[in-house]
Amino acid sequence: MTLGDLLKKASEYLSERNVEDPSLEAGLLLSWLLKKDIGYIYANPEIIPDNETEKEYFSIVERRGRHEPYAYITGECGFLNYTFYVDPNVLIPRGDTELLAQSALFALGQDPEFFAQEMFRLNNKSTYRVLDIGTGSGCLAVSIAKGHASVIVDAVDISEGALNIALKNAKRYGVEDRITFINADFLDRNIVLSGCYDLIVSNPPYIPLKEIPYLMESVRNYEPVTALAAGDDGLIFYREIADRASSLLLKSGIVLVECGYNQGETVSEIFSNKDFTTLLLKDLSGINRVVAATKK
């Protein structure tokens, strides 16, 4: 079959399986497999690939047809201006979390492109210490370390598999010497952390357990449940972070947490009740997506 034939057959297959935008997905998968720009694929529909390539293409198309996330098939995902390795051990970085990374860089004295919201800022100093709770792929820890040369990060995650991916990403961008990866459950009060942080960032699990069965198939069947579910109401990590933040932060330190689409006010109140001053930061859809908190 020609490239045009492959695209047509794959698009029809993905459409039958209710994959959103099947024509685009078919083209992106073929572009990734051939390591050619998608424009090249569309401009050369008459090219006939070898049988092995055709077989491999339909294999990955079938995976996508089972709603396996595109990022797990390719093993990579874009985040800010970077590309991160991902696999089923880690949550796939979302665009929403870019706001959290930008907020962190602003707090550290940077001026991220397109960031224009009211936010707290740390005092200027030679070195900043950051704690990333639930680092997953390391997209936050690596982006922050890469974006600010004076940052040292402790990145905590309960999953050893996730930390392996995070370390791989840190090495990819040459910041592994400034990130310490800690395999631990933050909810376990027995873990020892330095308690000398300027900034705490976290995109914690925040989905109530009862809602997991109703998530999109590509999420509930493939992404790690430990990175999604957070108790009966989805707020367990926010309470724990708010409880411990005062002992972990230096004076005038800042906490930044991502939250679910309907959790912003509640999460803000959790921190306010612990004597923090809070701000709500909105994503591109106008949803309260990040809560910023600093001690009064």
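The model is predicted: local features need pLDDT of at least 70 and side-chain atom pairs count only at pLDDT 80 or more, while totals for chains, interfaces and linings use all residues. Residues are numbered from 1 along each chain as its sequence is written, and side-chain values use heavy atoms, with hydrogens and water left out.

**View A. Salt bridge between D154 and R129.** The closest N and O atoms of this pair are 3.2 Å apart; a salt bridge is a side-chain nitrogen of Lys or Arg within 4 Å of a carboxyl oxygen of Asp or Glu. The pair links distant parts of the chain, with D154 in strand β4 (residues 151-157) and R129 in strand β3 (residues 128-133), 25 residues apart. Helices (H or I, at least four residues) and strands (E, at least two) are DSSP runs numbered from the N terminus. D154 is buried, with a relative accessibility of 8%.

**View B. Salt bridge between R94 and E223.** The structure holds 16 salt bridges. In the one formed by R94 and E223, the closest N and O atoms lie 2.7 Å apart. R94 belongs to the loop between β2 (82-85) and α6 (96-107), and E223 to the loop between α9 (217-220) and α10 (236-248), so the pair ties together parts that are 129 residues apart in sequence. R94 is partly exposed at 30% relative accessible area, whereas E223 is buried at 6%.

**View C. Salt bridge between E240 and R189.** The N to O distance between these side chains is 2.3 Å. Because E240 lies in helix α10 and R189 in the loop between β5 (179-183) and β6 (197-202), the pair ties together parts that are 51 residues apart in sequence. E240 is buried, at 12% relative accessibility. Salt bridges with shared partners join R189, E240, D243, R244 and K274 into one network.

**View D. Packing of helices α1 and α2.** Helix α1 (residues 3-16) and helix α2 (residues 22-34) have axes 8 Å apart and pack at an angle of about 130°. Axes are lines fitted to C-alpha atoms, for helices over the stretch in contact, and angles run from 0 to 180 degrees between N-to-C directions. The two helices are oblique, a class for angles that are not under 35 degrees (roughly parallel), over 145 (roughly antiparallel) or 65 to 115 (roughly perpendicular). Contact means heavy atoms within 4.5 Å; among the residues involved are L3, L6 and L7 of α1 and P22, S23 and E25 of α2.

**View E. Packing of helices α2 and α4.** The axes of α2 and helix α4 (residues 51-65) come within 10 Å and cross at roughly 135°. These helices are likewise oblique to each other. E25, A26, L29, L30, W32, L33 and L34 in α2 meet T53, E56, Y57, I60, V61 and R64 in α4.

View F. A292 is buried, with a relative accessible area of 0%. Leaving aside neighbours within four places in sequence, A292 is in contact with M119, F120, V255, L256, T277, T278, L279 and L281. A292 and F114 are 178 residues apart in sequence and 18 Å apart in space, C-alpha to C-alpha.

Methods: Buried means under 20% relative accessible area, exposed over 50%, partly exposed in between (1.4 Å probe, protein chains only).
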